[in-house]
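Hi,

Here is the structure I promised to pass on. Have a look at it, and then read on for what turned up.

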Amino acid sequence: MGADETFTGPVNAASHGATDVIALCEAVAARAGRRPRYRVVGPGAAASPFSFDRAYALDSGRASALGFGFGRVADWLPGAIDEVPRAAG
């Protein structure tokens, strides 16, 4: 796929088997040997960029139909987590 393609419009790219924020937090905590900590904050309070109250996902169906291939979250997420240095403590 490249600049000489004839399709137009948006094409989303996302790994298959997307996870929600809670599952992501639990995966990171498990790899770190810890339990996740969650908190609810009021409007306007400082919060994590992962703080939102609904699911968001990309539909990569069009990209797949155009021949783009994507990996699976379950295949690369553990390795990505392991690459992040663990905080002391």
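Is the crossing of α1 and α3 left-handed or right-handed? It is right-handed, meaning that the near helix is turned clockwise from the far one by less than a right angle. Helices here are DSSP runs of H or I with at least four residues, numbered from the N terminus.

Before the rest, some ground rules: this is a predicted model, where local features need pLDDT of at least 70 and side-chain atom pairs count only at pLDDT 80 or more, while totals for chains, interfaces and linings use all residues. Residues are numbered from 1 along each chain as its sequence is written, and side-chain values use heavy atoms, with hydrogens and water left out.

On confidence (pLDDT, the predictor's own score for each residue, from 0 to 100), the chain has a mean of 82, and 85% of its residues reach 70 or more.

L24, A27, V28 and R31 in α1 meet L77, P78, I81 and D82 in α3, where contact means heavy atoms within 4.5 Å.

There's also one salt bridge in the whole structure (a side-chain nitrogen of Lys or Arg within 4 Å of a carboxyl oxygen of Asp or Glu). It joins R31 and D82, at 2.4 Å from N to O. R31 lies in helix α1 and D82 in helix α3, so the pair ties together parts 51 residues apart in sequence.

Cheers

Terms used:
Helices (H or I, at least four residues) and strands (E, at least two) are DSSP runs, numbered from the N terminus.
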